[in-house]
Structure formats: C-alpha cells, structure tokens
Amino acid sequence: MTNYETEARSRWGNTDAYREHEQKTKNYAKEKWAEANEGLLAIFAEFAACKNRGMSSDSDEALALVNNLQSHITENYYTCTDEILAGLGKMYVADERFKKNIDKYGDGTAEYVSQAIDLFCHEK
C-alpha cells in the first residue's frame with residue numbers, strides 16, 4: 001500500500017464513499033485505472049484551457065466542466081455528492097500535492113477549478 005493509500009484509508013476509511021470506492025475499483029485492471037486517471041487529468045487540462053481562453057470560473061463552460069468532473073468521479077471512483085465535490089474543491093488548493101499536480105496544466109489552474117466548484121455547488 002502506498003503512502004497515499006494509507007493516508008486515504010486513515011482519513012476517509014470509515015465513510016460510505018471510501019467503502020463504495022473500494023467496492024467499485026476492486027476489480028479494476030491496470031488499463032481501467034489508467035483510463036479513469038487519464039480521464040480525470042484530461043478534465044483538469046480542459047479547465048486550464050478554459051482559463052487560458054479568458055473564461056471566468058463562473059462561465060457556463062467552467063461550470064459544465066465541474067459537472068463533467070463530478071460525473072467522472074461518480075462513474076469511476078465513488079458517488080461524488082455536492083458536499084464531497086465542495087470538499088475536493090477546497091482540498092485542490094489547500095493540499096500542496098493536489099495544487100502542484102493540477103497546476104501542471106498552468107499556474108492558477110487549481111484555484112480556478114476550486115472557484116468553479118464552489119460556484120457550482122452553491123448555485124444548485
């Protein structure tokens with residue numbers, strides 16, 4: 001088990017979402033993991049492109065990407081409720097590991113995603 005897996009189990013192991021994640025992904029082949037993870041990264045790349053085109057984090061395009069992100073997480077990992085999504089948005093900027101990974105697509109992308117998620121969750 002990796003350090004990340006140990007940390008995730010420690011932080012969220014007693015949640016329904018974590019149990020659902022374990023159940024949903026237990027039979028994932030290496031290819032399925034790669035497909036799910038690449039899909040997630042592609043969404044972050046789309047956020048960066050949206051930001052670079054000058055679209056605000058409350059634009060229809062950015063909010064549609066948040067919807068895509070939530071759907072992708074639900075389809076591949078666990079049911080991503082608005083509450084969970086809001087928490088992820090905060091974690092994307094508060095945890096330097098996430099921020100650094102998302103900002104690989106361009107400085108400020110993590111903040112942009114976080115703002116779009118916050119707006120998406122509060123406009124429903």
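Phe47 counts as buried because its relative accessibility is 0%, where buried means under 20% relative accessible area, exposed over 50% and partly exposed in between, with a 1.4 Å probe and protein chains only. The model is predicted, so that local features need pLDDT of at least 70 and side-chain atom pairs count only at pLDDT 80 or more, while totals for chains, interfaces and linings use all residues. Residues are numbered from 1 along each chain as its sequence is written, and side-chain values use heavy atoms, with hydrogens and water left out.

The structure holds five aromatic pairs; rings of Phe, Tyr and Trp (its six-membered ring) pair if their centres lie within 6.5 Å, and planes under 30 degrees apart count as stacked, over 60 as edge-to-face and the rest as tilted. One of these pairs joins Phe44 and Tyr92, which is edge-to-face because the ring planes stand at 90 degrees, with the centres 5.4 Å apart. This pair links distant parts of the chain, since Phe44 lies in helix H3 (residues 30–52) and Tyr92 in helix H5 (residues 82–94), 48 residues apart; helices (H or I, at least four residues) and strands (E, at least two) are DSSP runs, numbered from the N terminus. Phe44 is buried, with a relative accessible area of 4%, and Tyr92 is buried, with a relative accessible area of 4%.

Phe47 and Tyr112 also form an edge-to-face pair, which links helix H3 with helix H7 (residues 109–123) across 65 residues. Tyr112 is buried at 6% relative accessible area.

| Pair | Centre to centre | Angle between planes |
|---|---|---|
| Phe44 and Tyr92 | 5.4 Å | 90 degrees |
| Phe47 and Tyr112 | 6.4 Å | 75 degrees |

Ile117 touches Val66, Leu69, Leu85, Ala86, Gly89 and Tyr92, not counting residues up to four places away in sequence, where contact means heavy atoms within 4.5 Å.
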